[in-house]
Amino acid sequence: MGKFKIAEVQLSDIKLVKKNAHFMQQDTFNALVNNIRRDGQLSSVPFCVKHSDGSYTVVSGNHRTQAAKMAGLTSCLLYTSPSPR
């Protein structure tokens, strides 16, 4: 089996990238937060790199992860890959 895994992770263990490659309008982001709050989960999982200290950094899904935190979720599913050496 490959090195990629699906894991349920505490959102507090996920670091967001400082500069997101994509821009999202505030009203679109607010709608995303409201949809996640309504659904109680993400419908599309972020992709993160797992570090040796057990933390994760978002590679794809920065807005989703940030919106999940704002919606009050404490954990989410995500795809993980080990940190490159």
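1. Val59 touches Phe47, Cys48 and Val49, when residues up to four places away in sequence are not counted. The model under review is a predicted one. Val59 lies in strand β4, and with a relative accessibility of 52% the residue counts as exposed, because the cut-off for that class is over 50%. Between the C-alpha atoms of Val59 and Tyr79, which are 20 residues apart along the chain, the separation is 10.0 Å.

2. The strands form an open sheet of five, in the order β1-β5-β3-β4-β2, and the pairing is mixed. The edges are taken by β1 (5–10) and β2 (14–15); each has a single partner strand, so one side of each is left without a neighbour in the sheet. Helix α2 (residues 62–70) packs on this sheet and touches β2 and β4 (56–60). The direction of α2 makes about 125° with that of β4.

3. Strands β3 and β4 run antiparallel and are joined by four bridges, with Val49 opposite Thr57 of β4. Five residues lie between the strands of this hairpin, where Gly54 takes a positive phi near 90°. Towards β5, by contrast, β3 pairs in the parallel sense, over four bridges. There Val49 stands opposite Ser81.

4. Phe47 belongs to strand β3 (residues 47–50). Its relative accessibility is 26%, and the residue therefore counts as partly exposed. Leaving out residues up to four places away in sequence, Phe47 touches Phe4, Thr57, Val58, Val59, Ser60, Tyr79, Thr80 and Ser81. Phe47 and Gln25 are 22 residues apart in sequence, and their C-alpha atoms are 22 Å apart in space.

5. Ser81 is a residue of strand β5. With a relative accessible area of 15%, Ser81 is buried, because that class takes values under 20%. Neighbours within four places in sequence aside, Ser81 is in contact with Phe4, Phe47, Cys48, Val49 and Lys50.

6. Ile6 has Tyr79 as its bridge partner in β5. Ile6 and Tyr79 also contribute, with Leu77, to a nonpolar surface patch of about 320 Å². Leu77 is in β5, which spans residues 75–82; its relative accessibility is 46%, so Leu77 counts as partly exposed.

7. Which residues of α2 are buried? They are Asn62, His63, Arg64, Thr65, Ala67 and Ala68. These buried residues pack against β2, α1 (26–39) and β4. Just after the helix, Gly72 takes a positive phi of about 95°.

8. At 17% relative accessibility His63 counts as buried, because the value is under 20%. Residues up to four places away in sequence aside, His63 touches Asn20, His22, Phe23, Met24, Phe29 and Leu32.

9. Ser44 is found in the loop between α1 and β3. The relative accessibility of Ser44 is 37%, so the residue counts as partly exposed. The C-alpha atoms of Ser44 and Asn20 are separated by 18 Å, the two residues being 24 apart along the chain. Asn20 is also one of the residues touched by His63.

Note on methods: Residues numbered from 1 in each chain as written. Predicted model: local features only at pLDDT ≥ 70, side-chain atom pairs only at ≥ 80, totals over all residues. Heavy atoms only, no water. Patch = residues over 30% accessible without salt bridge, like charges linked within 9 Å, V, L, I, M, F, W, Y side chains within 5 Å. Areas by Shrake-Rupley, 256 points an atom, 1.4 Å probe, with all protein chains shown as cover. Salt bridge = Lys/Arg side-chain N within 4 Å of Asp/Glu carboxyl O. Helix = DSSP H or I, 4+ residues; strand = E, 2+ residues; numbered from the N terminus. Buried < 20%, exposed > 50% of the residue type's maximum accessible area, 1.4 Å probe, protein only. Contact = heavy atoms within 4.5 Å. Pairing = 2+ DSSP bridges. Axes fitted to C-alpha atoms, helices over the stretch in contact; angles between N-to-C directions.
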